[in-house]
Amino acid sequence: MDRVNTLCEQLVKAVTIMMDPSSTQRYRLEALKFCEEFKEKCPVCVPCGLRLAEKTQIAIVRHFGLQILEHVVKFRWNNMSRLEKVYLKNSVMELIANGTLNILEEENHIKDVLSRIVVEMIKREWPQHWPDMLVELDTLSKQGETQTELVMFILLRLAEDVVTFQTLPPQRRRDIQQTLTQNMERIFSFLLNTLQENVNKYQQVKTDNSQESKAQANCRVGVAALNTLAGYIDWVPMSHITAENCKLLEVLCLLLNEQELQLGAAECLLIAVSRKGKLEDRKPLMVLFGDVAMHYILSAAQTADGGGLVEKHYVFLKRLCQVLRALGNQLCALLGVDSDVEIPANFGKYLESFLAFTTHPSQFLRSSTQMTWGALFRHEILSRDPLLLAIIPKYLRASMTNLVKMGFPSKTDSPSCEYSRFDFDSDEDFNAFFNSGTGESSLCSIFSPSFVQWEAMTFFLESVINQMFRTLDKEEIPVTDGVELLQMALNFDTKDPLILSCVLTNVSALFPFVTYRPEFLPQVFSKLFSSVTFEIVEESKPSFDMLYNHVKQLLSNELLLTQMEKCALMEALVLISNQFKNYERQKVFLEELMAPVASIWLSENMHRVLSDVDAFIAYVGADRKNCDPGLEDPCGLNRARMSFCVYSILGVMKRTCWPTDLEEAKAGGFVVAYTPTGNPIFRNPCTEQILKLLDNLLALIRTHNTLYAPEMLAKMAEPFTRALDMLEVEKSAILGPICLDLNDPGPFPLAPLLKFPVSDISKDRTSKKCLTISIKRLPQPLLELNDSPVYKTVLERMQRFFCTLYENCFHILGKAGPSMQQDFYTVEHLATQLLSSAFVNLNNIPDYRLRPMLHILSKVPGKPPKGQKRLSQKWQVINQRSLLCGEDETTDENPESQEMLEEQLVRMLTREVMDLITVCCVSKKGADHTTAPPADGDDEEMMATEVAPSAMAELTDLGKCLMKHEDVCTALLITAFNSLAWKDTLSCQRTTTQLCWPLLKQVLSGTLLADAVTWLFTSVLKGLQTHGQHDGCMASLVHLAFQIYEALRPRYLEIRAVMEQIPEIQKDCLDQFDCKLLNPSLQKVADKRRKDQFKRLIAGCIGKPLGEQFRKEVHIKNLPSLFKKPKPMPETDALDEEGGLATIFEP
């Protein structure tokens, strides 16, 4: 005892030092070390823990004492004798019975750890060795409110560990869950009786001030009982929930009007009503449509909403709304499927109450009802019910109001604002809730009352009109009303671009009505083109000629429109010209359309500028000094002309296409030949115009690449020495979740395109197909009037120019192959021209400018770049940086720090390189390699669900050709297998599943150097060490390692030597595995089992998450099965000859 007393005194001092804010770090670490060593090594942990846990100690000491006991149960239980287990178990139960304070005084963390200790013992011994556990808990609950609450905590944590989180070995979990299920009637009866008894006591004394503490104690137990019920209702058989004529549901409905218990009751009710499963089991839930249940639900809602906005009441109101939603969904599921279920008598009352939530000031509550309304309106039987039909006008009137975006948290102009401050952290969150985008500022604020009204109408029309034309018969469409609305929109005049954007979107939504009234077409064109420059353009000639004349007038004035606006109009014309379906006619049209571009691009002066770096720098104004942003830029027009040409080339190439219908393509002269397999070979009408501009485009790319040479950067004047740096929006796109479009032209009120029937525009009226080219609303940020423009400095404008120009050049090269096909690939000396332009000065080009090139290489013939050395060096720097980041080193908390940006760029570049190699080398049936990869950012969401290399992946003809060249083959294998250890899970996942095995399989038939085999296998194991913590990567890498070992072990003994170096590998198991592998006649085990055996062999090199690397393993032994005849067990010192282990926990 003296030793226990001494240790307890030392432990109390250590705990006090650890928890004292004034303690030095050195003393705190020494105290922590002493406590941890005590828990791990001291043989008297149990008596010390019990002594420290006595209620005479202060709370932090008691908590530490209980932590010691929990540690003993979790990590020493398997080595304890029977008597030690019985002693500990009885001591803990005694603590619960007599060693705790009053329910209102006891600390929550003390209650929590006490319940954890009991649950940990239950997980190890119940039911086989502790059959009377439930009886003991029942006995404890009769001692008082404190013990009853702790019993509730124990039952809840047990359900969470066994069913919800499943933190047990499978057999123990199965034993406990099945025993819980067998005793569920008893458990549910206990929970319900406990709830009712304490609620009754609480209701009897809650108004008596002299018994306030008694009332609070009973209320606390009631809350605990509701929380425990919520942990069981989700998974127990429905028969327990609906037992005794749905007594549980009745009690929960009654409690909805008990203020202190209503939230817990609503949670339980919501879980019950949301249950899935057999329809037959869910039928009793319809009792909630009864008079009594509906009365309590609605009265509770009215009471909660009647006392003003209180957070607790508002949360309760949300739960009630969810209950009504779930109830409606259950009705939709049951009605019509089961003949016994009829439309409830209180269906009208339900609809009125649900409509009350739809008209509530809270935007969150309003939106929460929409999905259920849709289910009701779509239901085959309910949609014809007179009560629902009668509610539709009220719902539509409410929806018209709800579409108005009111209720910004920062505002006070609506009752919704106060609720929004509970639901949204900022105006941006609120705006995103309405699916609104962001953009640049304009003359009008999104908070303007006129705008929110227009936006609501715009959303309404876009949602309704399209659906109406899709679903209604032609005779049912309200043409007169639609044309009247279109006329009103055309007649509306405004000079505010934000409002005008909404007006034009409404015109776009209403345009299908023009097919019934073609005479409106000139008015639509006039409205659109007058909006481009805010000048009224009088024109009355319909059809394509009219549209073309409008555009030519606008393009003729170089300063009237921005370059993007001009190109958008040209793209619209090209899209329409595709409907000519006549190669010669479209070719002549494109030649005329591109004539202004060709005259600029092919001029002698432009050729000189594009071919000479010094001339280029001077032409764009990057050598000018002392630039005043307030003065007109003399080189601005030069940059605009260059941008216009590049934009136009890209736009025309991107939009020009041949007919998708083969017969139409043949009739129009687009088919020139057929492949040996019978596939048609097409020609593009834009080919001739684009190819004559190609030489100067390649010259521009070569010049732009050369700009990154140090001697060329030195020729730029301040502040343009940083003109080639990354834009801030690019940094935001890389570091943050929001990706901005760098080609965004900025605010201009007319979106370039319109939705209209092509047959009404083109002179060729044989086609009645509808060409969909949509007008979009201006995306708006949450900015007020007079906010600053985004690109305001001369440096930012120059950065934007270089960035956009460079990317568009590579977009053109990327589109050239798919667009012009054989006409592009047969250009004389194409490969040489590309190497002397796009691949010039690559060593000096930064990572953020290499990505556009990698995007386009998959569409241009050639071999993948040898970027492995560059990437390996960058990943080595990143790895060293993470290793050197020690405790004494300050960490930059700035999310836009340079190191973070560089690391993310390397990660993105790695993905581009690996995707490029995969596209070039591997074909996978059912996969479309031309599909753009997902946006970089959310790695966890982008991780492929595929966990093993696909057997369908095979090398393409290009891949086989590349692998025949030794230097290329070596580079591809080194890049692919090196990348497995780079710290990017997405790249590792893709490379492992799609690339590594197809590449390796191609060289297996030859002779590999032993060192190469060792390196390849080691690279996969290194990947496991780096990415083993991610399940997807781990499974893929294990499968790849298994394939390599099976394929190469019979031929290369060196690979066995690598296996022997894996930490903790069992040599005898490895010998057995090899024996079966080297003797095929012995391999009778299924492939999956062999793979599992291999995974166990290499487990020592599989990386773990940082949080698990130093975590002590918890081992829970399986007990004799409850459902199989137990095998004879050897006698141990823990067995009693008379009773055995089954009597360990007898009370």
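# Close-up views of a predicted chain

Figure 1. Alanine 673 has isoleucine 681 in strand 2 as its bridge partner. The model is predicted, so local features are described only at pLDDT of at least 70 and side-chain atom pairs only at pLDDT 80 or more, while totals for chains, interfaces and linings use all residues. Residues are numbered from 1 along each chain as its sequence is written, and side-chain values use heavy atoms, with hydrogens and water left out. Strand 1 (residues 671–674) and strand 2 (residues 680–682) run antiparallel and are joined by three bridges. Two strands pair if DSSP finds at least two bridges between them.

**Figure 2. The chain as a whole has 55 helices and six strands.** Helices (H or I, at least four residues) and strands (E, at least two) are DSSP runs, numbered from the N terminus. Of the 1147 residues in the chain, 50% are buried. Buried means under 20% relative accessible area, exposed means over 50%, and partly exposed is in between (1.4 Å probe, protein chains only). Among contacts with a separation of 6 or more, 74% are between residues 24 or more positions apart; a contact means heavy atoms within 4.5 Å.

**Figure 3. Helix 1 (residues 2–19) has buried residues along one face.** Its 18 residues reach 26 Å from the first C-alpha to the last, close to the 26 Å expected at 1.5 Å a residue. The expected span is 1.5 Å times one less than the number of residues. Val4, Leu7, Cys8, Leu11, Ala14, Val15 and Met18 are buried in helix 1. Seen down the axis, these buried residues fall within an arc of 130 degrees, so they line one face of the helix. The arc is that of the directions from the helix axis to the C-beta atoms. Asp2, Glu9 and Lys13 are exposed on the other side of helix 1. The cover over the buried residues of helix 1 includes helix 2 (25–41), helix 3 (45–52) and helix 4 (59–75).

**Figure 4. Helix 3 is largely enclosed by the rest of the structure.** The buried residues of helix 3 are Cys45, Val46, Cys48, Gly49, Leu50 and Leu52. Helix 1, helix 2, helix 4 and helix 5 (82–98) are among the elements that cover them.

**Figure 5. Valine 118 is placed in helix 6 (residues 108–125).** Its relative accessibility is 0%, so valine 118 counts as buried. Leaving out residues up to four places away in sequence, valine 118 touches Val92, Met93, Ile96, Trp130 and Ile154. Arginine 157 is 39 residues from valine 118 in sequence, and the two are 9.7 Å apart in space, C-alpha to C-alpha.

**Figure 6. Aromatic rings form pairs and a cluster.** Rings of Phe, Tyr and Trp (its six-membered ring) pair if their centres lie within 6.5 Å; planes under 30 degrees apart count as stacked, over 60 as edge-to-face and the rest as tilted. By this rule there are 28 aromatic pairs. Tyrosine 232 and tryptophan 235 have ring centres 5.6 Å apart and planes at 35 degrees, so this pair is tilted. Tyrosine 232 is buried, with a relative accessible area of 0%, and tryptophan 235 counts as buried at 19% relative accessibility. Phenylalanine 354 and tryptophan 373 form another tilted pair, 5.3 Å centre to centre with 45 degrees between the planes. This pair links distant parts of the chain, 19 residues apart: phenylalanine 354 is in helix 18 (residues 347–358) and tryptophan 373 in helix 20 (residues 370–378). Both phenylalanine 354 and tryptophan 373 are buried. One aromatic cluster consists of Phe289, Phe347, Tyr350, Phe354, Trp373, Phe377 and Tyr395.

**Figure 7. Two arginines sit over aromatic rings.** A charge sits over a ring if NZ of Lys or CZ of Arg is within 6 Å of the ring centre and within 35 degrees of the ring normal. Arginine 585 lies over the face of phenylalanine 580, 3.6 Å from the ring centre. The charged end of arginine 683 is over the ring of tyrosine 583, at 3.6 Å from its centre.
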